[in-house]
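Welcome! Take a look at it first, then read on.

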Amino acid sequence: LSAHNVLLGASVATALGSGASLYYLNQNAAHANMEAEGLHPADHPFPQKKLFGTFDHASIRRGFHVFKEVCSACHSLDLVYWRNLVDVAYSEEETRVMAAEYEYRDGPNDNGDMFDRPGKLVDPMPRPYANEEAARAANAGAYPPDLSLITKARHGGVDYIYSLLTGYCDPPAGVKVQEGLHYNPYFPGGAIAMAQNIFDGVVEFEDGTPNTAAQITKDVVTFLNWAAEPELDDRKKIGVKAILLFSTLTALALWIKRNRWQTLKTRKIVFNPPKNWNAKK
Amino acid sequence: MVGYFTRAVSSFTYRNFFKKESTYFTAIVVTGVGFSIVFNTAFDKYWNNKTAGTKWVDIKDRYVQN
């Protein structure tokens, strides 16, 4: 720990630290077109965001109810099947009853005809529109994206979706929003085709949770997060187990290696020259 | 306590488990299975306690009709 080494270390740390900081500031500089990036969302305390945090399944259940009532009118959820909800947010009987409320085209039957039948657990979530063209035609040319993976498919994740849904406001003075679009500072560009759909009391919760707009949005965002990452609970549990086991094994391996090498590393090799080593012949 | 019996324990383990490959392998498998059962049971109990009230199994009694 000489003065030279300390000085060297401090110089390197200063160089690297200032270099990293200046690079970061350069990449994230304020500029005139930040509206194109969208306002950066705040950091919301979703429990599943924490390093070892998992989903609140009661919230997933309320969120699916919100999705069914409000969002499924325009948004599809193609990658989620009724069976995915079983033992996650609803019991098997409840899910069968919910699925049976919808009609699905099946067939052909023995006559060769297609027929309609009530939904089963194996069916996917019902689509609001048959295809993208129909969706665009019904929404003034804008396509309501499929929400199965939306929290993974958008920069900002759950924070962005939550801020977007609660972030509708009047545009600032001088900003004109095209007819048919709505101002939302979090949406890149500022003008989003979707109108605000979540207001206080727009949905009633069966478990009596107060249905403020913030609560409704929090629950639907949790549901969408689950739809995109259904494996999160198991992944984090297995992750903690893996960290515990591997760190123990690593420490064990390091200790055993040092133990076995001790004999070699502490040996002394001594050369005892004969008495007449330096004697000239 | 372990330090006092280190030589005896080591000799016993070596002579009865490590000398023959068949006993060595059996010891490894038994230790592995045993550790796996103990570790998983203990960890699952801790994890379920830590996530109490958030999982489906915790809330299903409100909705399932038996």
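The points below cover the core, the contact between the chains and the salt bridges.

This is a predicted model. Chain A and chain B bury about 1,500 Å² between them, and the structure holds 17 salt bridges over all chains.

**The nonpolar core**

- The largest nonpolar core has 44 residues, and A:Trp82, A:Leu85, A:Phe223 and A:Trp226 touch the most other members.
- Five helices of chain A each supply at least two residues of this core: helix 2 (57-69), helix 3 (82-85), helix 4 (92-100), helix 7 (157-166) and helix 8 (213-228).
- Helix 8 of chain A gives the most, with eight residues.
- Leaving aside residues up to four places away in sequence, A:Leu85 touches A:Phe64, A:Tyr90, A:Thr95, A:Met98, A:Met125, A:Phe223 and A:Trp226.
- As background, nonpolar side chains tend to be buried together in soluble globular proteins.

**Where chain A meets chain B**

- The contact takes 22 residues from chain A and 14 residues from chain B.
- Carbon and sulfur atoms give 66% of the area buried between chain A and chain B.
- A:Lys237, A:Lys241 and A:Leu245 supply 29% of the area that chain A buries against chain B, more than any other three residues.
- The interface of chain A and chain B has two salt bridges and six residue pairs in polar contact.
- B:Asp44 forms a salt bridge with A:Lys237, with their closest N and O atoms 3.2 Å apart.
- On the side of chain A that touches chain B, helix 2, helix 4 and helix 9 (232-265) of chain A each supply at least two residues, and helix 9 gives the most, with six.
- That side of chain A has nine nonpolar, three polar and 10 charged residues.

**Salt bridges within chain A**

- A:Asp159 and A:Lys49 form a salt bridge, their closest N and O atoms being 2.6 Å apart.
- This pair links distant parts of the chain, with A:Asp159 in helix 7 and A:Lys49 in the loop between helix 1 (3-27) and helix 2, 110 residues apart.
- A:Asp159 counts as buried at 10% relative accessibility, whereas A:Lys49 is partly exposed at 33%.
- A:Asp43 is linked with A:Lys49 and A:Asp159 in a network of salt bridges.
- A:Arg96 forms a salt bridge with A:Glu92, at 2.3 Å between the closest N and O atoms.
- Both A:Arg96 and A:Glu92 lie in helix 4 of chain A, four residues apart, about one turn of the helix.

Notes: Residues are numbered from 1 along each chain as its sequence is written. Chains are lettered from A and ligands numbered from 1 in the order in which they are written. This is a predicted model: local features need pLDDT of at least 70, side-chain atom pairs count only at pLDDT 80 or more; totals for chains, interfaces and linings use all residues. Side-chain values use heavy atoms; hydrogens and water are left out. A nonpolar core is a set of buried Ala, Val, Leu, Ile, Met, Phe, Trp, Tyr and Cys residues joined through side-chain atoms within 4.5 Å. Buried means under 20% relative accessible area, exposed over 50%, partly exposed in between (1.4 Å probe, protein chains only). Contact means heavy atoms within 4.5 Å. Buried area is the accessible area (1.4 Å probe) that two parts lose on being put together, summed over both. A salt bridge is a side-chain nitrogen of Lys or Arg within 4 Å of a carboxyl oxygen of Asp or Glu. A polar contact is a pair of N or O atoms within 3.5 Å; within protein, one must be able to donate a hydrogen and the other to accept it, and residues adjacent in sequence count only if both atoms are side-chain atoms. Ala, Val, Leu, Ile, Met, Phe, Trp, Tyr, Cys and Pro count as nonpolar, Asp, Glu, Lys and Arg as charged, and the others, Gly among them, as polar.
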